[in-house]
Amino acid sequence: MIKHITWPEFLRMIAGDETGARISERTNTPESTISRWLAGKVEPRPKQVVQIAGAYQADPVQALIAAGYLDESEALSLGSVHRSLQIRDFTDLELAREILRRVEAGGSEILETPFDGEHPAMVERDNVRPMRKTRQNTEADELCAVAKPGDTVIEIDEFDD
């Protein structure tokens, strides 16, 4: 679940490390107003929220939610799908589940196309070693190689013979 962020958090998130002066210049908003917003002393008007979102190419609905003018259920009832502006808003588990969902769904050419002979995984093989074959059929037996401890992992699809 994505956590709700406040207007000052939203503004910092979309502006990155820009100074109040730069935000002011970019949005045509007085620097003193930006300062009060960032300090949480005053709230922007809805028109200002949409203007700021537009200046940063951010979702205006998300901006209105952060500013407290809409809640998520209202945004959903308007047909707006809540989507975070930044990937960092998702937990590691949420990201891992999405990656797994995409892999299981298939259809990704990059996951289905074998490496050619020029791919680093096929050329730079000094950081992997073949796995020992065992009599038991384990998941490890299905893997072709493993990275040496402390080295960067490069996946290889076949055993070195």
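**Figure 1. Cover of the buried residues of helix 3 in the predicted model.** The cover over the buried residues of helix 3 includes helix 1, helix 2 (20-27) and helix 4 (46-55); contact means heavy atoms within 4.5 Å. Helices (H or I, at least four residues) and strands (E, at least two) are DSSP runs, numbered from the N terminus. The buried residues of helix 3 are T33, I34, W37 and L38, where buried means under 20% relative accessible area, exposed over 50% and partly exposed in between (1.4 Å probe, protein chains only). Seen down the axis of helix 3, these buried residues fall within an arc of 135 degrees and so line one face of the helix; the arc is that of the directions from the helix axis to the C-beta atoms. Helix 3 is followed by G40, which has a positive phi, near 75 degrees. The model is predicted: local features need pLDDT of at least 70 and side-chain atom pairs count only at pLDDT 80 or more, whereas totals for chains, interfaces and linings use all residues. Residues are numbered from 1 along each chain as its sequence is written, and side-chain values use heavy atoms, with hydrogens and water left out.

Figure 2. Rings of Phe, Tyr and Trp (its six-membered ring) pair if their centres lie within 6.5 Å; planes under 30 degrees apart count as stacked, over 60 as edge-to-face and the rest as tilted. The count by this rule is two aromatic pairs. W7 and F10 form a stacked pair, 5.6 Å centre to centre with 25 degrees between the planes. Both W7 and F10 lie in helix 1 (residues 7-15), three residues apart, about one turn of the helix. F10 is buried at a relative accessible area of 0%, and W7 counts as buried at 1%. The rings of W7 and W37 have centres 5.7 Å apart and planes at 85 degrees, so this pair is edge-to-face. It links distant parts of the chain, with W7 in helix 1 and W37 in helix 3 (residues 31-38), 30 residues apart.

**Figure 3. The largest nonpolar core.** A nonpolar core is a set of buried Ala, Val, Leu, Ile, Met, Phe, Trp, Tyr and Cys residues joined through side-chain atoms within 4.5 Å. The largest such core has 20 residues, and those with the most contacts inside it are W7, F10, L11, I14 and I52. Helix 1, helix 3, helix 4 and helix 5 (60-66) each supply at least two residues of this core. Helix 1 gives the most, with six residues. Of the 161 residues of the protein, 25% count as buried.

**Figure 4. Salt bridges E18–R26 and E25–R22****.** A salt bridge is a side-chain nitrogen of Lys or Arg within 4 Å of a carboxyl oxygen of Asp or Glu, and the count by this rule is two. In the bridge between E18 and R26, the closest N and O atoms are 2.8 Å apart. E18 counts as partly exposed at 23% relative accessibility, and R26 is partly exposed at 34%. The side chains of E25 and R22 meet in a salt bridge at 3.4 Å, N to O. E25 and R22 are three residues apart in helix 2 and are therefore separated by about one helical turn. E25 is exposed, with a relative accessible area of 60%, whereas R22 counts as partly exposed at 35%.
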